[in-house]
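Let's take a walk through this one together. Have the sequence and the 3D view open side by side, and we'll go from single residues to the whole assembly and back.

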Amino acid sequence: MRLFWNIVKRDLRLSWRQGGGAVVGVAFFMIAVCLFPFGVGSQAAILAQIGPGIIWVCALLAALLSLEQLFQDDFQDGGLDLLLLADMSLERVVFAKCLANWLFSGVPILIVAPFLGIMLQMEMDALPGLVAALALGTPSLSLIGAVGAALTLGARRGGALLALLVLPLQIPVLVFGAGAVEAALNAQPMGVHLAVLTALLVGLAPLCLWASAAALRVAGE
Amino acid sequence: MHQYANPNRFLTLSDRILPWLSGLAVVLFAIGLPWALVVAPPDYQQGETVRIMYVHVPAAWLAVFCYAGLAALSAASLIWRHVLADFAARAIAPIGACFTFLALASGALWGKPMWGTWWVWDARLTSVLILFFFYLGHIALSRAFEDPTRGARAAAILALVGVVNLPIVKWSVDWWSSLHQPASISRFGTPAIHPDILIPLLIMAAAYFALFAALALIRTRTEIWRQRLRVLRLTRIERQQPLAGPSRPAGA
């Protein structure tokens, strides 16, 4: 367990010290959301209607940004070989790295999302729902993204390829995440959507950890 | 089964089967296409547009079948490390992508006169579109590495992850209320289609399967030759510059 938390701490420290990865990701998220009022016009009715979708799509794209680096540095500097030899299953190593990735890419989005929601004319009552949906959905984004990041290690044009692989897999999270916020906006019960988001998270975790670990072993060969 | 995983044995065997298979595909299309597009009766509601169905339905079947095959080959590649499974997976992914595209395009052409729209974001259509993206991702990933073996392994893992989409494609029309009609042909019980339409449809489906099998064999053979050519080229380069590089790419 100490090794697990050491990996989490190390990744957080590295991403913090390497030009503030968290800040760049969340800044991208804010700018991307702010583009939409320019693109679709700033009428309150339109913005309020498409707000949940905008926030979720931008969260997906922002999550992509941090993913390319998830295993890249370890792969290049040889740290990955040490992790492969570590006295801990590779699946748990991946889990630790996903947790760190979520802490510095997902959590900042959770923090700024309510403010962006207000700017997109969403009802105040719906904001807790927005944060709850994001809190349950963004860990799944990190888990799915880990698979793509591990598969594209050392690939040519890895970044674009990563997006092509990861985004289709993330669609279910987007559907139910945006659905939850939609329900909250219309003052409908959002329990079902949150339950599905939780189920996705619980179901995806073993599948994604297995697949990422398998892909890392292939990359380490 | 494992004895057929030997590329040499595969080459001789497929060389013998291929003419028959190609011939079968040609004959089936020669019977099925005129029957489906000219002879078969027009539908009492849909009129002549029902003929699109003969192109659309087998393509959709093949799209799903190809992906299942791709997943099976990927599992074989990861478990037994058969190179032939890698070659075959690399060979059939573009074929599957083409069938998926054909299903989407012919569906859109049929949807415009019937539903009044080229495209709706409903569960069946969307899940097939995602299937198409998985094919594209598989094709891109398997060709993204210097070392083909590495690409094949990575693509195999991706194919297995993408299997979660297959049940969604299959049962999407039953799980969600959808514009797309549910399956009307089942092996058990009486099909909900008149034999006049069913028989040409089945012939077309058989033709598609024969075409797929022939194309898959041809492309797998090409992949084997491509790999041999690559090894030959690498050894020649190595012989020309004996002191140049310390290593040659793995998997050659």
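Which residues does Gly220(A) touch, not counting residues up to four places away in sequence? Keep in mind as you look that this is a predicted model. The partners are Leu80(A), Asp81(A) and Leu84(A). Take Leu84(A): it sits 136 residues from Gly220(A) along the chain, yet the two C-alpha atoms are separated by 7.8 Å. Gly220(A) itself belongs to helix H9 of chain A. It counts as partly exposed because 14 other C-beta atoms lie within 10 Å, and the cut-off for buried is 20 or more.

Now slide along H9 of chain A, which covers residues 191–220, to Leu197(A). Is Leu197(A) buried or exposed? It is buried, because 27 other C-beta atoms fall within 10 Å. Leave aside the neighbours within four places in sequence, and Leu197(A) is in contact with Ala133(A), Leu136(A), Gly137(A), Phe176(A), Gly177(A) and Ala180(A).

In soluble globular proteins, nonpolar side chains tend to be buried together. Here the largest nonpolar core has 139 residues, and those touching the most other members are Ala59(A), Ala150(A), Ala215(A), Ala63(B), Ala89(B) and Ile157(B). Helix H8 of chain A, residues 158–185, gives the most to this core, with 16 residues. For a view from chain B, click on Ala63(B). Beyond its neighbours within four places in sequence, Ala63(B) has contacts with Gly96(B), Phe99(B), Thr100(B), Ala103(B), Val128(B) and Leu131(B).

While you're in chain A, have a look at helix H3, residues 44–67. Its 24 residues reach 34 Å from the first C-alpha to the last, close to the 34 Å expected at 1.5 Å a residue. Even so, there's a kink of about 55° at Ile50(A) in H3(A), shortly before the proline Pro52(A).

Over to chain B as a whole. It has 7 helices and 0 strands, so the pattern along the sequence reads α-α-α-α-α-α-α. Of its 252 residues, 35% count as buried. What share of the chain B contacts with a separation of 6 or more comes from residues 24 or more positions apart? That share is 75%.

How do the two chains meet? On the chain B side, 15 residues are in contact with 16 residues of chain A. Helix H4 (123–142) and helix H5 (148–162) of chain B each supply at least two residues of that side. H4(B) has the largest share, with 7 residues. By type, the residues on this side of chain B divide into 12 nonpolar, 1 polar and 2 charged.

Most residues other than glycine have a negative phi. Gln121(A) has a positive phi of about 70°, although it is not a glycine. You'll find Gln121(A) in the loop between helix H6 (90–119) and helix H7 (127–151) of chain A, and it is partly exposed, with 16 other C-beta atoms within 10 Å. In chain B, Arg81(B) has a phi near 55°, again a positive value in a residue other than glycine. Arg81(B) is in the loop between H2 and helix H3 (83–115) of chain B. It counts as exposed because it has 12 C-beta neighbours inside 10 Å.

Finally, a word on confidence. The predictor gives the complex an ipTM of 0.81 and a pTM of 0.85. For chain B the mean pLDDT is 85, and 88% of its residues reach 70 or more. Among the elements of chain B, helix H2 (residues 52–80) has the highest mean pLDDT, at 92, while helix H6 (residues 165–175) has the lowest, at 76.

Conventions
Residues numbered from 1 in each chain as written. Chains lettered and ligands numbered in written order. Predicted model: local features only at pLDDT ≥ 70, side-chain atom pairs only at ≥ 80, totals over all residues. Helix = DSSP H or I, 4+ residues; strand = E, 2+ residues; numbered from the N terminus. Contact = placed C-beta atoms within 7 Å. Core = buried A, V, L, I, M, F, W, Y, C linked by C-beta atoms within 7 Å. Nonpolar A, V, L, I, M, F, W, Y, C, P; charged D, E, K, R; others polar. Expected span 1.5 Å × (residues − 1). Bend = angle between axes of the 7 residues up to and from the residue. pLDDT = per-residue confidence, 0-100.
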